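Hi there,

Here is the structure I promised to hand over.

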Amino acid sequence: MKKIIELENVHKIYANDGVETHALRGVTFDIKEGEFVAIMGPSGSGKSTLLHVLGFLDRHSEGEYKFDGKTIDDYSKEEIALVRNRKMGFVFQAFNLLPRTSVLENVKLPLVYAGVRESERDAIALKAIESVGLMHRIQHESAQLSGGEKQRVAIARALVNNPNVIFADEPTGNLDSKSGQIVMDTLQNLNEKNGHTIILITHETYTAEHAERIIRMKDGLVESDQKVESRKKAKDYFKK
Amino acid sequence: MPLKDALKIALKGLQANKSRSFLTILGIVIGITAIIMVMSIGNGAQSLILNQIQGLGSQTIIIEPGKEPTGPSSYAEIFTDSLKERDIKALLNPANVPNLKELTPNVVQVANITYGSESIRESVIGCSDAITRILDIYPDEGTVFGTDEIASKANVAILGAEVKKKLFGASDALGEKIKIKGRTFRVVGILAAKGQVSLFNVDNMVLVPYTTAQQYLLGIDYFHTFILRASSDETVDQVVRDAQATLREMHGIDDPSKDDFHVTSQADAAERVRTITDVLTMLLISVAAISLVVGGIGIMNIMLVSVTERTREIGLRKAIGATENDILLQFLLEAVILTAMGGVFGIILGGGLSFLISIILTNAVGLDWTFVFPVSAAVLGISVSALIGLVFGLYPARQASQKSPIEALRYE
């Protein structure tokens with residue numbers, strides 16, 4: 001399998017009012033296309049920083065980061081926006097859906113920025129909504145949805161442009177265990193059925209064990225990088 | 001991103017905050033309303049005044065003492081005594097001004113006019129009989145005083161229709177004795193009602209021989225104005241030149257820049273009125289324009305608040321692939337749509353109010369007012385307000401576009 005992400009001795013230093021924080025102190029690992037990787041660690045371990053760097057949301061300070069075979073320094077601002085749009089999908093702990101906007105419109109948003117023709121957007125978005133099992137909610141506004149449903153809308157939005165990698169930052173953090181389970185199962189299905197690479201950030205071992213590989217972070221360094229022995233298996237909730 | 005999508009996103013952003021959007025554009029609405037009203041009323045007033053001036057007839061020429069006023073400070077020079085009796089004779093001499101048809105010297109005095117217990121305060125014009133031919137006014141009853149009464153400084157008066165009505169009501173006035181500034185005058189004529197002729201409100205004035213007015217009412221030996229009439233439209237310029245030459249000779253002036261009088265034809269006067277009203281209109285527009293700037297700053301302020309409030313939304317949009325330009329366009333469009341809408345409301349409101357005012361002026365005040373909707377101002381108004389959105393929206397929109405997606409997503 002092709003390497004989609006290659007990190008070589010990546011550092012990230014924040015300067016806040018003259019105080020330097022060394023969030024990443026030399027991180028090295030690869031992620032292959034189609035992998036489901038969980039990044040774990042206590043708060044302050046650098047896992048969120050790592051996700052931001054991996055997702056082109058932030059720039060690392062030192063070392064080399066190649067996404068899809070190309071180092072990030074070679075991407076222009078417009079290309080970065082394009083990569084975020086086409087090759088990456090994001091799922092955040094706080095859902096980040098647009099308020100007063102229907103499920104369908106929320107999911108269509110990346111298509112708007114991708115320049116997909118208006119007449120084609122509905123069909124593509126509906127397919128993504130179907131894959132997270134929310135076809136009965138398409139005209140609801142985000143305020144009318146439960147937390148778990150919101151997160152599934154966010155997942156549909158993340159995968160609508162059929163990205164190579166989906167980044168999920170504590171996707172179950174704001175959810176009760178049942179909703180969390182459905183979200184995790186959805187992610188696992190996307191990985192197994194559609195072959196999306198999924199990078200999951202979490203601090204819960206149970207959640208992390210849905211992945212096939214766990215990278216543990218501590219103090220800005222990779223502490224361990226192991227295969228999951230007894231992987232949690234998803235039920236297929238939305239099977240037709 | 002296609003402009004159509006950008007427009008949709010911007011409109012949605014505005015709809016989310018309807019009342020705030022409305023309050024935000026009030027400044028622009030008021031500014032544009034003010035500009036439209038100033039231009040509409042300015043145009044109306046200009047045409048009203050021009051109509052009145054042209055009511056005097058295009059062959060009319062006015063000579064006033066003092067240099068031609070070029071600015072407010074030089075108006076003081078009007079009050080000079082350079083126009084004298086001998087100037088009249090010189091001007092009336094066909095050898096000097098061959099195409100002159102009529103001339104009346106004028107002195108004006110606002111005075112108390114009484115008859116019995118009735119007393120009013122109106123303009124008393126000291127003039128010659130030529131004034132009736134120049135203003136095209138004729139007595140309904142009685143006659144106009146002539147050369148004899150002027151030579152003898154007779155105490156005779158001709159009343160405007162309104163003056164007669166106020167002093168005598170329906171009863172007969174001809175031959176009655178009235179008092180002007182305490183001096184007794186005999187009423188020899190009553191003018192037909194005519195209303196406003198140029199700057200003269202004919203119905204509200206009293207005409208007396210200029211000699212009488214000079215000596216007994218004012219105690220002066222000079223004149224406030226000469227009103228002349230050329231024989232035809234074609235000879236107006238010639239009469240102006242001849243009159244200037246004659247008066248220069250009479251006053252011993254070689255250098256035209258040292259003239260102690262000035263001659264104005266109706267074309268000049270119209271031009272002057274146009275200049276004055278244009279300047280006034282521009283002045284008022286500049287004042288109104290200040291409110292547009294203030295409105296623009298208000299827009300900028302609210303847009304900045306909005307950008308901060310929507311930090312999360314901006315971050316999300318960037319995370320899912322919006323470029324800096326997409327975000328810039330979104331917020332810029334919001335600002336431009338806001339201000340352009342303000343412009344449209346302002347134009348509607350300004351046009352409506354101007355129309356209302358024109359109705360009031362025509363019906364209640366009785367002016368011959370024509371409503372002018374300044375189309376150029378409307379076009380200008382929309383463009384200016386959109387431009388304000390562009391200028392004052394640029395800074396907040398740039399702030400929005402520069403936000404880092406992770407800062408934006410972290411914002412609580």
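Chain B of this predicted model splits into domain 1, made of 3-52 + 272-410, and domain 2, which covers 81-259. Between the C-alpha centres of domain 1 of chain B and domain 2 of chain B there are 53 Å.

**Helix packing in chain B**

Two helix pairs are worth a look here. Helix H11 of chain B (residues 324-365) packs against helix H12 of chain B (residues 375-402), with 7 Å between the axes and an angle of about 150°. Angles over 145 degrees count as roughly antiparallel, so H11(B) is described as roughly antiparallel to H12(B). The contact of H11(B) with H12(B) is made up, by class, of 17 nonpolar, seven polar and two charged residues. As for handedness, H11(B) passes H12(B) in a right-handed crossing.

The other pair is helix H3 of chain B (residues 85-92) with helix H8 of chain B (residues 236-251), whose axes come within 10 Å and cross at roughly 135°. That angle makes H3(B) oblique to H8(B). Here, too, the handedness can be given: H3(B) and H8(B) cross in a right-handed way.

**The largest pocket**

The largest pocket has a volume of about 840 Å³. Its lining consists of 33 residues, and those closest to the centre of the pocket are A:Leu98, A:Pro99, A:Thr101, B:Lys12 and B:Arg317. Two or more residues of this lining come from each of these elements: helix H3 (103-114) and helix H4 (118-131) of chain A, and H1, helix H10 (311-319) and H11 of chain B. Which element gives the largest share of the lining of the largest pocket? That is H1(B), with six residues. By class, the lining of the largest pocket holds 15 charged, eleven nonpolar and seven polar residues.

How many cavities of 30 Å³ or more does a search of the whole structure find? The search finds two.

The largest cavity has a volume of about 80 Å³. Among the residues that line the largest cavity are B:Asn17, B:Arg20, B:Ser21, B:Thr24, B:Arg310 and B:Glu334. Its lining also includes B:Leu14, B:Ile302, B:Met303 and B:Leu338. At least two lining residues of the largest cavity are supplied by each of helix H1 (3-15), helix H2 (18-55), helix H9 (266-309) and H11 of chain B. By class, there are five polar, four nonpolar and three charged residues in the lining of the largest cavity.

The second largest cavity has a volume of about 60 Å³. Its lining draws on both chains, with B:Ile320 listed alongside residues of chain A that include A:Arg84, A:Met88, A:Phe90, A:Pro110, A:Arg157 and A:Asn161. In chain A, helix H2 (77-86), strand S6 (88-91) and helix H5 (147-159) each supply at least two residues of the lining of the second largest cavity. The largest share of that lining, three residues, belongs to S6(A). By class, the lining of the second largest cavity has five nonpolar, three polar and two charged residues.

Happy to talk any of this through.

Best wishes

Notes: Residues are numbered from 1 along each chain as its sequence is written. Chains are lettered from A and ligands numbered from 1 in the order in which they are written. This is a predicted model: local features need pLDDT of at least 70, side-chain atom pairs count only at pLDDT 80 or more; totals for chains, interfaces and linings use all residues. Side-chain values use heavy atoms; hydrogens and water are left out. Axes are lines fitted to C-alpha atoms, for helices over the stretch in contact, and angles run from 0 to 180 degrees between N-to-C directions. Helices (H or I, at least four residues) and strands (E, at least two) are DSSP runs, numbered from the N terminus. Angles under 35 degrees count as roughly parallel, over 145 as roughly antiparallel, 65 to 115 as roughly perpendicular and the rest as oblique. A crossing is left-handed if the near helix is turned anticlockwise from the far one by less than a right angle, and right-handed if clockwise. Ala, Val, Leu, Ile, Met, Phe, Trp, Tyr, Cys and Pro count as nonpolar, Asp, Glu, Lys and Arg as charged, and the others, Gly among them, as polar. Domain bounds come from an automatic or database domain assignment. On a 1 Å grid over the protein atoms alone, a cavity is a set of points where a 1.4 Å probe fits but cannot get out, and a pocket is an open set with protein on both sides within 12 Å along at least five of seven lines; lining residues have an atom within 4 Å of a point. Grid points are joined across faces, edges and corners, and a volume is the space filled by probe spheres set on the points.
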